[in-house]
Structure formats: structure tokens, C-alpha cells
Amino acid sequence: MNHYSVFELFNIGIGPSSSHTVGPMRAANRFLSRIQKSPSLGQISRVLCQCFGSLSATGHGHGTDTAIIMGLLGELPEDIDPKTIPGRIAELDRTRELTLAPGKTIEFIHSRDVDLSNFTPLPLHPNGMHFLALDAEEKPVEEMVIYSTGGGFISTEEELRNPKDTPDITYPFPYSSADELVRMAHDSGVPISDIVLANESVCKSEKQVRKQLRHIWHTMQQCIKNGLTANGTLPGPLHVPRRARALRKTLLIRGEAQLQDPLSILDWVNLYAIAVNEENAAGGRVVTAPTNGASGIIPAVLNYATKFCSSPYDDPVERFLLTAGGIAILYKKNASISGADVGCQGEVGVACSMAAAALTEYLGGSPEQVENAAEIGIEHNLGLTCDPIGGLVQIPCIERNAIASVKALNAARIALRGSGDHFVHLDKAIRTMLDTGRDMQSKYKETAQGGLAVNVVNC
């Protein structure tokens, strides 16, 4: 049985896209490592990457070409300082020299060697990349086909065709469905977060797991802060103004007057989500949760919980992230978290489901109520398309995170008012999401060839 860690679903990277920025940077870095070890390294005179499908269709707006170049420069999304990227790209364009290894430099021309002209996808996934290292006669000496499968995950063609099981590790709670997860928690008499924590503590100590969870939360909080203080417009031809700073000022000015409105707390939830997703759209430091395009929902709902709610637990933040991650693992195992694969239901819809489940446990809900909240969160995002205007993670993506954050709150409230017994179970909803995504036309799956992307003129 394949096993995923919550830290694969929550990983620190940069914006604007986990599948179109984070994944391609990791893929390019992986190919760089391969050619550095190649016995043919000395023969290489050119390296290029051909992108296919959704990566080409929206690659410029997502910074895919830039991400690939940074990967070829030896960078990884979890380590790179986003502020250094423009200068390094400018220097590469000026010198046209790419250093593959000490003493090995080749000519590299940005517009020639990163090809975003192939809109037809490769067979195994809409986000495919073909890396080539050529000799002086333009003959391949090394090549790899790598797919970016959503949430920053990457797999070679061979890995997708012949998936290998996780190394022989025994986990205390090896679940592959929501029914199994709930039953294990119920039978053990513990919350779902304890089940997930026990599995995470197999490969790391519990102390390490908790420390990493706190680091994830700290990074999310910093992202909110950065988004609340930034000004100006977002990059790209749409010139979308950043709103979070002005929104926060308006809310603070209103002060006690907000108490007259029973829904005023939702303004703050909207604000947190917008702040994060503006930071993501600007290429800043974010946490995939489970993707960059949906990165504002978990931080917004958790920030709401810590500021406006109480929990019966001593470690509610860690439990929130563990529960959310445990639900995300179900989607990764049994469906998809790639907008290019199943539409935005696989990104914003999944994040809404994760947040609803996590908030339900944070507030003291039973495992059955947690599962119910997760199901409500995805059921009412089924069919959600991915149609970014201009191929940018801006419109409708930023507001979509805010709407889904509020929807997660409502899903949790509905679940908490019930017994946990409900008609449609999460496993069925996950399967339905996958079926819906497979039936969805490709123009509605992160290609900017349908929906708002074609009905709103980009001037």
C-alpha cells in the first residue's frame, strides 16, 4: 500500500502554482542531478525542456519557464529565496551561460531551451515535461519524461507506469479509505488526529512531527502577515490590485460597529484567505495545502479557529493540521489534487474538505462528524472548473479561496449539529469527484481555454 505523509501534502514552496511552478522546479533539479552523475556529462552542449498540455497552455502565467530554469540552476522550491529569482533570471539571459557542474558550462537561451508551445498533453498526465541533454551534434545523451501531478508531486514516466509500493514499513493504522480511518478512530476511542499522528511518528519521533507541524503553521502565519502588509499590483498583464492591506484597514476602522453585523467574522476569514493567495500569486513563500492554488483555505480557517474559537484540546493547531493532512491523503490516494487533471474541485474543493474536517475536530467533533464535514466540503464543490483568466492564479482563484474558506466553516457547523450519520459518505464523494474530473472537458482544467478565461477579455 502506498503511504503518504501529511508533510508531502503540506510542503513549503513558492507561488504561484504547486503543479506549474513547484513541480517543474523539482523536476528540473532532478534532471540536473541525473546529468551531473552521467558519464556523458562532458559531451553535453545543450539542455532543453519541452512542456506539454496544461504546462504549456498556462505556463507563462504560472512562471513555469522561470521555475524550470531555477531548477536547472540547482534550486529547490523549499529553499529558494523568491526575491532573488528575477535577478538571477536576468543574469542568465544576459550571459546565456548555464553551469551544470564545476567546470562544465553550456550556452542556454531562455526562449529556445524552455519550450511552452506544445499544447497537446503527453499520455499519462496533462502536466508533462520532456528533458533533453544534447551533444554537439544535437543527439540526445540523457533524457527524462517527468510529470507534475499536483501539489508539487513529481513522477517520471517509468514511475507512473510502474508505481512502486512504499518501502516495507509497518504503520499502526494503514488506512486507504475514509471508512477505515473513521472505524480505526472509533475502535481506538481517539480523534482522527491521533491516528494520523501515530502513522507520522513511525518515520520520525513524535517530537519531530510536532515541531514540523508548528513550523508549517508558522510559515502560514508569516504568509498571512506578508499578504496583509504588501501593496501594489500582482504581476502579469491583468494588473490586479492587491486588496488585503486595504481590506484590513477598513475592518480595523469599523471597529465596534462590526458587532452590529452577526456575520462580520466572515470578513476576517475572507481577508486571511485573500492575503495568502495574493502572496501566492505574487510568487511569495507559501505552504501547499494541498496545492498552491488552494493555499489560502487551510491558513484562513485555522487562523479563524485560533482567534475566534476555543478547543477542548491542549494542542489544537497540531491536531487541526494532522486531521486536514489525513483527509488530504485520502484524496491523493484515491483521486487527484491536480487542477489540470480534475479541475479546481481537486484543489479548492479538496482544501475546503480538509479545512471543514479539521475545524470540526478542533471544535471537539467526533470522527464521524469529522468525516461528515469533509464530505460536505467536497460535495458542494463537485464540478468546480479551473479556468484562470490569462493563465494566472489570480482571477477567480484568489476570491475562490475566500469563498471556500467560508464554505468550510459552514460545513463544519452543519456536521457538528448532526450525529455524524449521513447519507453520502466521503469515499463515495471522492470517487464522484474523480469521475466528474475525468468527464470534464480539458478546456475547463487549467488550460485557460474555457470558462472565464475566454469569456472575460484580457486587455
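**Entry 1: cavities**

I began with the largest cavity, which holds about 150 Å³ of space. The model is predicted, so I noted the limits: local features need pLDDT of at least 70, side-chain atom pairs count only at pLDDT 80 or more, and totals for chains, interfaces and linings use all residues. Residues are numbered from 1 along each chain as its sequence is written, and side-chain values use heavy atoms, with hydrogens and water left out.

A cavity here is a set of points, on a 1 Å grid over the protein atoms alone, where a 1.4 Å probe fits but cannot get out; lining residues have an atom within 4 Å of a point. Grid points are joined across faces, edges and corners, and the volume is the space filled by probe spheres set on the points. I found 2 cavities of 30 Å³ or more in the structure.

I listed 20 lining residues for the largest cavity; Gly293, Glu347, Cys386, Val393 and Cys397 lie nearest its centre. Helix H2 (18-36) and helix H19 (397-416) are the elements that give two or more residues to this lining. H19 has the largest share, 3 residues. Helices (H or I, at least four residues) and strands (E, at least two) are DSSP runs, numbered from the N terminus. I sorted the lining by class: 10 nonpolar, 6 polar and 4 charged residues. Ala, Val, Leu, Ile, Met, Phe, Trp, Tyr, Cys and Pro count as nonpolar, Asp, Glu, Lys and Arg as charged, and the others, Gly among them, as polar.

The second largest cavity holds about 30 Å³. Its lining includes Thr219, Met220 and Cys223. H11 gives the most to this lining, with 3 residues. I counted 6 nonpolar, 2 polar and no charged residues there.

**Entry 2: Val301**

I looked up Val301 in helix H14 (residues 297-308). Leaving aside neighbours within four places in sequence, I found Val301 in contact (heavy atoms within 4.5 Å) with Phe320, Ala355, Leu359, Ser405, Ala408 and Leu409.

**Entry 3: the sheet**

I traced an open sheet of 5 strands, in the order E5-E2-E6-E7-E8, with mixed pairing. Two strands pair if DSSP finds at least two bridges between them. Strand E5 (114-118) and strand E8 (153-156) stand at the edges with a single partner strand each, so one side of each has no neighbour in the sheet. Strand E2 (residues 46-53) runs parallel to E5, joined by 3 bridges. I noted Asp115 in E5 as the bridge partner of Gln50.

Technical notes
On a 1 Å grid over the protein atoms alone, a cavity is a set of points where a 1.4 Å probe fits but cannot get out, and a pocket is an open set with protein on both sides within 12 Å along at least five of seven lines; lining residues have an atom within 4 Å of a point.
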